[in-house]
Amino acid sequence: MLALQSPTGCIITTKLIYTDTLSTMVYLAGFVVLLLFLTAEARVGNSSESTFCTETKECLLYDLVCKGDNYEVRHYSSAKWVTTDEESYFMDKAIYTAFMRLFKYINGSNNADVNIDMTAPVIIKVNEMKNMWQQSVYTLSFLLPSEHQLNPPQPTDEKVYFTDMPDMNVYVRSYGGYILCLTAKFNSMALQKQLDKVQATYNKDYSYSVGYNSPMKILNRHNEVWYVVEGEPVCPASS
Ligand SMILES: *[C@@H]1O[C@H](CO)[C@@H](O)[C@H](O)[C@H]1NC(C)=O
């Protein structure tokens with residue numbers, strides 16, 4: 001089943017990715033300048049506490065449960081995110097459209113006309129049950145900074161809404177480079193393989209693709225794939 005999952009879909013979108021990355025970079029260049037003028041108190045988490053979450057003032061912090069060579073287990077407290085869904089045959093195209101929609105929200109398209117700090121990570125919920133002939137819904141979320149965790153300004157776009165992510169444990173595999181359809185797929189399958197080997201139980205309906213870097217960062221990029229733990233987490237043998 002997994003082998004059937006549209007690797008051609010990934011390749012077809014390659015040209016699109018480059019065009020999209022370029023325009024995202026142009027937008028983000030202005031955005032980074034904007035960031036320098038913004039201040040925020042750290043409640044969600046000060047990024048200086050993280051080794052790979054370095055481009056934004058605040059990051060989503062966690063407690064490490066255990067760590068091995070193949071994966072790690074983390075505990076996250078509940079947090080509020082701003083979210084949008086995009087349906088497409090192509091993950092990369094869906095991500096771009098959804099990213100721009102959320103970016104507009106933090107860039108002032110809200111009822112308070114305020115700019116909201118970019119945080120990290122950006123997470124994408126990926127439906128794992130997709131068949132290659134079906135469109136899939138990709139759900140992208142930005143973490144709300146601490147000052148907007150309780151009372152975020154309302155979005156003006158009706159496709160943008162809030163999500164309360166519950167307190168949870170996740171299995172995590174990290175990788176470098178860019179999150180593209182093929183690398184995301186490769187890494188979620190690799191993590192599944194490791195988890196199945198140790199008979200870990202987790203929600204197989206979806207994974208999270210998790211990104212920490214803007215497209216302008218070329219070196220030492222950090223991405224993750226997460227599966228939500230069901231029951232007691234199983235630590236890697238090597239930890
Ligand atoms: C962000 O907001 C500024 C000021 O309103 C606007 O000029 C710019 O086009 C917006 N950027 C995006 C990507 O929407």
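Q: What percentage of the 239 residues in the protein is buried?
A: The model is predicted. A residue is buried if 20 or more other C-beta atoms lie within 10 Å of its own. Among the 239 residues of the protein, the buried share is 35%.

Q: How many helices and strands does the protein have?
A: Along the sequence the elements run α-α-β-β-β-α-β-β-β-β-α-β-β. The totals are 4 helices and 9 strands.

Q: What share of the contacts with a separation of 6 or more is between residues 24 or more positions apart?
A: Two residues are in contact if their C-beta atoms lie within 7 Å. Of the contacts in the protein with a separation of 6 or more, those between residues 24 or more positions apart make up 75%.

Q: Why does Cys 53 count as buried?
A: Cys 53 lies in the loop between α2 (14-36) and β1 (63-67). The cut-off for a buried residue is 20 or more other C-beta atoms within 10 Å. Cys 53 is buried because the number of other C-beta atoms within 10 Å is 21.

Q: What separates the C-alpha atoms of Cys 53 and Arg 221?
A: Cys 53 and Arg 221 are 168 residues apart along the chain. In the model, the separation of their C-alpha atoms is 9.7 Å.

Q: How far does helix α4 reach from its first C-alpha to its last?
A: Helix α4 covers residues 181-197, which is 17 residues. At 1.5 Å a residue, 24 Å is expected. The reach of α4 is close to that, at 24 Å.

Q: Which residue with a positive phi follows α4?
A: The phi of this residue is near 60 degrees. The residue is Gln 199.

Conventions: Residues are numbered from 1 along each chain as its sequence is written. This is a predicted model: local features need pLDDT of at least 70, side-chain atom pairs count only at pLDDT 80 or more; totals for chains, interfaces and linings use all residues. Helices (H or I, at least four residues) and strands (E, at least two) are DSSP runs, numbered from the N terminus. The expected span of a helix is 1.5 Å times one less than its number of residues. A residue is buried if 20 or more other C-beta atoms lie within 10 Å of its own, exposed if 12 or fewer, and partly exposed in between; C-beta atoms are placed from the backbone.
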